[in-house]
Amino acid sequence: MATSIKVGLAGFGNVGKGTYDVLQRNKDLIVKRSGTDISVKRVVARNTARVVPLVAEDVIVSSDWKDIVNDPDINVVVEVMGGIEPARSLILEAISKGKHVVTANKALLAEYGNEIFAAAEKAGVNVAFEAAVAGSIPIVKGLREGLAANDVKWIAGIINGTCNFILSTMRDTGRSFADVLAEAQQLGYAEADPTFDIEGIDTAHKIMLLAAIAFGVPVNMQKVHIEGISKLEAKDIKYAEELGFRIKLLGITKNTDYGVEVRVHPALVPNRRLLANVEGAMNAVVVKGDAAESSLYYGKGAGGEPTGSAVIADLIDIARTASVDVSERPKMPTVDAKHNANLWADFGDTVCSYYMRIPVEDKPGVLAEITRIIADNKISIESLIQKEAPQKVHQTEVIMMTHTTKEADVQKAIRTMQELSSVRGPIVLLRKEELH
């Protein structure tokens, strides 16, 4: 175990400041638990004048990231700048100089993780990224250590607080997506440009990393099916509630007979499931293992100090393993992969149950046309509700729940139904996840 760790902190936004503050406030506790004095020697930030009053006098503050990688006293580089560049260059340069890396940068790892992990393995250093997935929740450590004896079957998570806040508020108030998004931006839950969150990209980055850890696949964003929540209507949230479900944006990865699935989309989750009752901006992840069965990890998925907590947990792990032989350290996610890159599942092979809302002309025979198409595509109907049309309005909606079936069959049925003259608008399709 190392007796001291000198840290170079790249980035001093919410997470960088949160990391520094927790490290200072709990210094004695961290030393006692790790046996190591972990201290920040340098901070790199764009606005150095803002940072200087917020750190101790002996901390060197500058604006050039190379100051960190070129300092021979620094053992560990903590990257919390975000973005692809210069974060990628900083991390690769730090690795080449034999420095361990801790990062909260899920987008970078989801895009360039294979390159970074391979470089770290070759250099004999660690790249730790607990803070990159679900903030304060120790899900990376949970998979790599607590569930190490398990053959993981699937992972499903609410891992974007912005989307969960929007969906929870829409359900509670009946308001539209656009209205609640504006409130989320006003409250600071959503960015001025919320695209990464609401279109599912942020969730996709995180679930891809969890798939790499759980199933030994290389990171590959091209293999993730991504749908966001921007097209969800309040009426679908209301109908789901009437049927005993809540709609959540889930990141899901499964190890199936037809390959590894990685997908992001809104899903109907039964009200009785713990995951359905995760509200506001909170995050939660469920892991199904063969031995442990289902376990749930819940907490804050963002914020300066919650994410800083995960960064420091990684620093402590590095301190504990720094003197351990490289061969005995935890492997990088893509090393000794159990799967080849060509063993990804095709999204059309996905098997689950479905919710469909079909706007139709209110006239005899329409329901018969729809059910015929459903039967022709080998889909079994679990329940079907035809809403009563308002007076003088000759249009209504058919709400259908299916039994388990293939994605490709459902998509084919929808294309056929969409061509019917009696179908008066886009058919809404949502997937149901039982999570048992």
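**Group meeting talk: a walk through a predicted model**

Let's start near the end of the chain. Leu435 sits in the segment after strand 17. Strands here are DSSP runs of E with at least two residues, helices are runs of H or I with at least four, and both are numbered from the N terminus. The phi of Leu435 is near 55°, a positive value in a residue other than glycine. Leu435 has a relative accessible area of 13%, so it is buried. Buried means under 20% relative accessible area, exposed means over 50%, and partly exposed is in between, with a 1.4 Å probe and protein chains only.

A word on the source. This is a predicted model, where local features need pLDDT of at least 70 and side-chain atom pairs count only at pLDDT 80 or more, while totals for chains, interfaces and linings use all residues. Residues are numbered from 1 along each chain as its sequence is written, and side-chain values use heavy atoms, leaving out hydrogens and water.

Ala134 lies in the loop between strand 6 (127–128) and helix 7. With a relative accessible area of 1%, Ala134 is buried. Then there is a cis peptide bond between Glu85 and Pro86, with omega about 10°. Pro86 is in the loop between strand 4 and helix 5 (87–96).

Next, salt bridges. How many does a search of the whole structure find? The count is 40. A salt bridge is a side-chain nitrogen of Lys or Arg within 4 Å of a carboxyl oxygen of Asp or Glu.

Take Lys41 and Asp73. Their closest N and O atoms are 2.8 Å apart. Lys41 is in strand 2 (residues 37–44) and Asp73 is in the loop between helix 4 (66–69) and strand 4 (76–79), so the pair ties together parts 32 residues apart in sequence. Asp73 counts as partly exposed, at 44% relative accessibility.

Now Asp317 and Lys141. In this salt bridge the closest N and O atoms are 2.3 Å apart. It links distant parts of the chain: Asp317 is in helix 13 and Lys141 in helix 7 (residues 139–146), 176 residues apart. Lys141 is partly exposed, at 25% relative accessibility.

Arg272 is in the loop between strand 10 and strand 11, Glu434 is in the segment after strand 17 (428–432), and they are 162 residues apart. Arg272 is exposed, at 61%. Glu434 is partly exposed, at 22%.

There is also a network of salt bridges. Its members are Arg171, Asp172, Glu241, Arg246, Lys248 and Glu279.

On to helix packing. How do helix 1 and helix 13 pack? Helix 1 (residues 14–25) and helix 13 (residues 304–321) meet at an angle of about 65°, with axes 7 Å apart. Axes are lines fitted to C-alpha atoms, for helices over the stretch in contact, and angles run from 0 to 180 degrees between N-to-C directions. The two helices are therefore roughly perpendicular, a term for 65 to 115 degrees; under 35 is roughly parallel, over 145 roughly antiparallel, and the rest oblique.

Last stop, the loop between strand 10 (259–270) and strand 11 (282–289). Leu274 is found there. Is Leu274 buried or exposed? At 63% relative accessibility, Leu274 counts as exposed.

That's the tour.
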